[in-house]
Amino acid sequence: MTRKLYLIVLACLALAVTMRAKKPSMVINVIPYPQSVEVGKGFFKGAGANFNCDQAIDADCATLIRDFADKLTFITGKVNSFAVPVGLSKIAGNGSVKGFIFLKDNAMGPEEYSIDITKKTCVVKASAYNGFLYAIQTLKQLTDVTIFSDKVDPAQKFMFPVVSIKDKPRFAYRGMHLDCARHFFPVEEVKKYLDIMAAYKLNRMHWHLTEDQGWRIEIKKYPRLTQVGAFRNGTMVGKDFKSNDGIRYGGYYTQEQIKDVVAYAQALGITIIPEIDLPGHMLGALAAYPELGCTGGPYEVWTKWGVSDQVMCPGKEGMFTFLEDVFTELMELFPSEYIHIGGDECPKTEWEKCPDCQARIKALGIKSDDEHTAEQYLQNYVTARVQKFLNDHGRKIIGWDEILEGELAPGATVMSWRGVAGGVKASALGFDVIMSPNSFCYFDYYQGDPATEPLAIGGDLPIEKVYGYEPFEGLDASQRKHILGVQANLWTEYIGTNDYLEYMLLPRMCALAEVQWCKEEDKDFDRFAAALKAGSFKIFDTLGYNYRKF
Ligand code: TNX
């Protein structure tokens, strides 16, 4: 009897173990994990399968789909024919059409998609470009990693699991920032950065283009910005603020290159938001045009990191003319609805002493009060004037959370970087917010033990911490509706090479992608980490990205 009981217990245990062991096969290695996933039995063979595309799908989306077909064909050597059969949306379900079927479903949101795979068909539905793009990104992660390669592999069958996926993002703004000012990254590396963002369904790149340490965008009306402002006489070594490596350093993007990158991003479903950081962090411009500063200079493009006291002079009308001219050229290059105007870390020591700034304060009738100095309100005036100029041209501003200190005009979007506090306050005041807290989203921070990691700025941001970020924490319903989304920032003071840039980005950006895309209840670090190791690391290897293993 006891022996029988023992056997029953053993059998139950064995069953439990096999059930547990089966669980992983019910999970797919897709990051960010889709909202709803039902895995069935068997596989659909992609190699040589026909592509059928709904007539209602527009030319840009059809190009996207055709490119995917061509990629399969190129690798396997078996033709994936592409056709637009008449009445496809009506006959798609009757069994007469096999292979890939792409349908337009106008009931879906612009970034929403569904994928239904049986052994005979793979049906994709979306309503707009990003929906189709994300469906294809998911399909690529569902099949063999060779899909990311450029190598011909005639043996490759490209099997897709039988699965039903319904998916859409949690947040509309899914951003990644790149500082190309502290260190300059060539166009090819910027494109590589955009490629991996798109693979993980990010849709905004915040491009930090101007700094104390270099001005990186050609402005035709002000040629000295790039002739002078784009180059510095050396760079401090490590954390030794008194040192200089003596190596002239610099670079910039021509307007033609900018246009090329903007178009490249657009095809990847990514809007580039340019930043002109003002009125602080402006030594690049001041070195080129010293008349824009309070003292008139001389100024030098900075060779060290930190926050400079030398800032632009809002007492001089010429500063506003300069900014309006720069933004006029910028708006020609960047179709983005949002333009980032910086606003962070602007010391007021020069303004306090500057006769022009003081005259401006007087003329405007600005008074200090218990909370803010007159100079702080002067920065509000700068923000408001630039905001009005951009609004008058149909654009909206984003600024770092300092723009909230004092007064801020309606319609501005606040990027919360000094923790979440700025976002909490701004959303309570009714401003839209992008959460980018340094406590969770600063990819220039260490991701492991500083003793064994390459030199970084400081901080402590392992991937688990990024993954654990919950953007709605501490916010009530009225505040939550103002959270447009989440962004991580990659400042590059200590990041001078492509390899190191990628190492700081990956795989933390994948964790960010789940914060941006997945509902809180669908996040699961163990599932995510397993998918990284079994899926994404192979993608990085195939595409030649450097990344941090864990
Ligand atoms: C603060 S975040 C800055 C940057 C630095 C960064 C380093 C922000 C608006 N300003 O200028 O690069 O810290 O982590």
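Pro-32 sits in the loop between α1 (2–22) and β1 (36–45). Helices (H or I, at least four residues) and strands (E, at least two) are DSSP runs, numbered from the N terminus. This is a predicted model, in which local features need pLDDT of at least 70, side-chain atom pairs count only at pLDDT 80 or more, and totals for chains, interfaces and linings use all residues. Residues are numbered from 1 along each chain as its sequence is written, and side-chain values use heavy atoms, with hydrogens and water left out.

**Backbone.** Ile-31 and Pro-32 are joined by a cis peptide bond, with omega about -5°. A cis peptide bond also joins Leu-506 and Pro-507, with omega about 5°. Pro-507 is in the loop between α17 (498–505) and α18 (508–517). His-281 is not a glycine, yet has a positive phi of about 55°. The loop between β14 (271–278) and α8 (283–288) holds His-281.

Ala, Val, Leu, Ile, Met, Phe, Trp, Tyr, Cys and Pro count as nonpolar, Asp, Glu, Lys and Arg as charged, and the others, Gly among them, as polar. The table gives polar contacts (pairs of N or O atoms within 3.5 Å).

| Side chain | Ligand atom | Distance |
|---|---|---|
| Asp-344 | nitrogen | 2.9 Å |
| Glu-345 | nitrogen | 3.4 Å |
| Asp-444 | oxygen | 2.7 Å |

Taken alone, the ligand exposes 360 Å², and the protein buries 93% of that. Accessible areas come from the Shrake-Rupley method with a 1.4 Å probe.

**Largest pocket.** The largest pocket holds about 640 Å³ of space. Its lining has 23 residues, and Lys-71, Gln-137, Lys-140, Asp-195 and Leu-268 are the closest to its centre. A pocket is an open set of points on a 1 Å grid over the protein atoms alone, where a 1.4 Å probe fits, with protein on both sides within 12 Å along at least five of seven lines; lining residues have an atom within 4 Å of a point. Volume is the space filled by probe spheres set on the points.

α2 gives the most to this lining, with 6 residues. Helices that each supply at least two residues include α4 (129–142) and α19 (525–543). By class, the lining has 13 nonpolar, 4 polar and 6 charged residues.

Technical notes:
Polar contact = N/O pair within 3.5 Å; in protein donor to acceptor, adjacent residues only side chain to side chain.
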